[in-house]
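I opened this entry to keep a record of what I looked up in the model. The notes follow the order in which I checked things.

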Amino acid sequence: MRKIKTAVIGAGFMGRVHAEGIRRLGHVEIAAVAGISDDEANRFGQAIGVERTTGDYRAIIADPEIEAVHVCTPNALHYPISKAALEAGKAVLCEKPLTLNAAEARELVELAESRKLPNCVNHNLRYYPVVQHMRRLIEAGELGDVLVVQGTYSQDWLLYDTDYNWRIEAKDNGPLRVTGDIGSHWMDMIQHLTGLRITALCADLQTFHKTRKRPKVAIETFAGKTLRPEDYEEVPVDTEDFASVLLRLGDRARGAFTVSQVNAGCKNRFQVEVFGTKCGVMWNQERPDELWIGYRNEPNRIIVKDPALLLPKAAAYADLPGGHGEGYDDAHKQVFRRFYQKIADPSAPVEYPTFAEGLRGMRLLEKVIESNRNRCWVEVD
Ligand SMILES: NC(=O)c1ccc[n+]([C@@H]2O[C@H](COP(=O)([O-])OP(=O)(O)OC[C@H]3O[C@@H](n4cnc5c(N)ncnc54)[C@H](O)[C@@H]3O)[C@@H](O)[C@H]2O)c1
């Protein structure tokens, strides 16, 4: 496959994850990285062995040799950076949630379509091998008709009022924090797995910490450091810590999920359960190679990832034999591989989440806001 030059914009947690995933593809070179400042970009470049670094992402956008960019910045920058990159003719792989609102997302979808440029929103959780197995079981009718969907995405890294991150502030994050940050993954997953659309929802949001202590110095995402009292300032919080959402899926199925960043002990407890007229399945990201299958009239099973035993379309997402774990980094690699296949060969199928799906996600988030504000069910058309 021909060599493709790409760039990573954003030098934090996801910048590092994306750099790792890109490097594992082989035919894609990270030609440059950008951070919020020259200094941050230099440190990032040194850490991952990329020489060209910049504190101004526009230098990357202006380089015609760079064919694609990865947008790994705080959410408020997804739209302007993606827009500038598309206008410059680059393929864009952007982190979730795609934008701050549906109007911005719609603009990006239209721009990418009019320029015929590959575009991807990073719903990496879809691409664990046993998740794909679960999806193909449902598609093949092994569960029967889907009746009930339920689950959670629970974390604990914002439990204390001294925990702080840019996500707390709506200006950088968007109006929904926990629902946008991790609920977006859950809603994407349930629709991807079942092939059904969320048709109505009823949401209840809670901000437990009405104020938080913001560090006067910068701290890293997920670093969980405790500073001294004089290092903080108390600020009001305008984003939610917790949400519970009731769902209708398609015509018949019903369900619910919760999302939280204040559940002690839950690190990344992404759990999804689907129950049909024949059997049920359950997957938890903290045990990524295991899939629970539950029956009414026979013993339940736990199957362990083994590409030789997965359904063929799911096995294509496993690179290692059974017994060798495949996790978070591997799922990113699977998304990136398919995205760059499309860049290398425009006739390749679109086997990654597109901006159009990111737009649908943003519309769902706006429905969550509407439902919570009006204390009622809302239809999703
Ligand atoms: N798909 C996933 O599994 C997943 C997981 C975590 C985060 N995310 C998403 O990734 C994005 C980044 O989150 P994170 O956890 O890496 O945050 P982070 O704070 O660790 O990193 C953000 C980086 O962007 C940099 N930045 C800020 N302004 C910039 C600018 N103008 N130009 C260049 N760089 C700039 C920051 O300095 C920082 O290095 C968010 O949109 C988040 O929702 C996705």
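Before going on I noted the ground rules. The model is predicted, so I kept in mind that local features need pLDDT of at least 70, that side-chain atom pairs count only at pLDDT 80 or more, and that totals for chains, interfaces and linings use all residues. Residues are numbered from 1 along each chain as its sequence is written.

Entry: whole chain. I listed 11 helices and 17 strands; these are DSSP runs, numbered from the N terminus (helices H or I, at least four residues; strands E, at least two). The radius of gyration is 21 Å, close to the 21 Å of the globule rule for 381 residues, so the chain is as compact as a globular protein of that length. That radius is taken over C-alpha atoms, and the rule is 2.2 Å times the number of residues to the power 0.38. The C-alpha trace spans about 60 × 55 × 40 Å along its principal axes.

Entry: open sheet. I traced 9 strands in the order β16-β15-β14-β13-β7-β12-β11-β8-β17, with mixed pairing; two strands pair if DSSP finds at least two bridges between them. β16 (301–304) and β17 (378–379) are the edge strands, each pairing on one side only. β8 (residues 198–206) and β17 run antiparallel and are joined by 2 bridges. Leu-201 has Val-378 of β17 as its bridge partner.

Entry: α11. Helix α11 (residues 355–374) packs on this sheet, touching β8, β11 and β17, and its direction makes about 55° with that of β8. Contact means C-beta atoms, placed from the backbone, within 7 Å; axes are lines fitted to C-alpha atoms, for helices over the stretch in contact, with angles from 0 to 180 degrees between N-to-C directions. I also checked the helix length: at 1.5 Å a residue, its 20 residues should span 28 Å, and the end C-alpha atoms are 29 Å apart, which agrees. The expected span is 1.5 Å times one less than the number of residues.

Entry: β4. Strand β4 (residues 68–71) pairs in the parallel sense with β1 (residues 4–9) over 4 bridges, and in the parallel sense with β5 (residues 91–94), also over 4 bridges. Thr-6 stands opposite Ala-68, and Val-69 stands opposite Val-92. I found both faces of β4 covered, with Ala-68 and His-70 buried on one side and Val-69 and Val-71 buried on the other. Buried means 20 or more other C-beta atoms, placed from the backbone, within 10 Å of the residue's own.

Technical notes
Two residues are in contact if their C-beta atoms, placed from the backbone, lie within 7 Å. A residue is buried if 20 or more other C-beta atoms lie within 10 Å of its own, exposed if 12 or fewer, and partly exposed in between; C-beta atoms are placed from the backbone.
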